[in-house]
Amino acid sequence: HAKLIVESEVTTAMLDSEAFSIPVNRLIDLWVARYGNKWIDIAELENDEFFIAAFKRLKQLGEVEIHYLTDRARYVCRMPK
């Protein structure tokens, strides 16, 4: 599922999410309040529609770093410092 989150396009449902309507600075603040600058497994987002949409928006804006861990076959992301 994490691969789908990383590679899938933004959907109309996501555009309707509050994550796409609030100011970017506020979205970044919410992300940092929840996850800080630590690396998180994208699988952690799977059950949270708001943060999936937030990830998509921040990814579009280049505000999150994403890496694929070949030793664990997982995607991780974080806010750049």
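The structure is a predicted model, in which local features need pLDDT of at least 70, side-chain atom pairs count only at pLDDT 80 or more, and totals for chains, interfaces and linings use all residues. Residues are numbered from 1 along each chain as its sequence is written, and side-chain values use heavy atoms, with hydrogens and water left out.

## The overall fold

Let us start with the big picture. The protein chain has four helices and three strands; here helices (H or I, at least four residues) and strands (E, at least two) are DSSP runs, numbered from the N terminus. Read from the N terminus on, the order of elements is α-α-α-β-α-β-β. The radius of gyration of the protein chain is 12 Å, close to the 12 Å that the globule rule gives for 81 residues, so the chain is as compact as a globular protein of that length. This radius is taken over C-alpha atoms, and the globule rule is 2.2 Å times the number of residues to the power 0.38. Of the 81 residues, 40% count as buried, where buried means under 20% relative accessible area, exposed over 50%, and partly exposed in between (1.4 Å probe, protein chains only).

The three strands form an open sheet with the order 1-3-2 and antiparallel pairing. Strands 1 and 2 are the edge strands, each pairing on one side only. Two strands count as paired if DSSP finds at least two bridges between them. Strand 1 (residues 40-41) meets strand 3 over two bridges, while five bridges join strand 2 (residues 65-69) to strand 3. Tyr68 has Tyr75 as its bridge partner in strand 3. Strand 3 is mostly covered, with four of its five residues buried.

## The nonpolar core

In soluble globular proteins, nonpolar side chains tend to be buried together. Which residues have the most contacts inside the largest nonpolar core? They are Trp31, Ile42, Leu45, Phe55 and Leu58, in a core of 24 residues. Helix 4 (49-60) is one of the elements that each supply at least two residues of this core, and the largest share, six residues, comes from helix 4. A nonpolar core is a set of buried Ala, Val, Leu, Ile, Met, Phe, Trp, Tyr and Cys residues joined through side-chain atoms within 4.5 Å.

Helix 4 also holds Lys56. Lys56 is buried yet has no salt bridge, and the nearest side chain of opposite charge, Glu9, is 7.1 Å away.

## Charged pairs

Side chains of opposite charge can pair when their charged atoms come close. A salt bridge is a side-chain nitrogen of Lys or Arg within 4 Å of a carboxyl oxygen of Asp or Glu, and by this rule the count comes to three.

| Salt bridge | Closest N to O |
|---|---|
| Asp48 and Arg34 | 2.8 Å |
| Asp41 and Arg74 | 2.8 Å |

Asp41 counts as buried at 14% relative accessibility, whereas Arg74 is partly exposed at 34%. Asp41 also stands opposite Val76 in strand 3.

Note on methods: Lys and Arg count as positive and Asp and Glu as negative; His and the chain ends are not counted.
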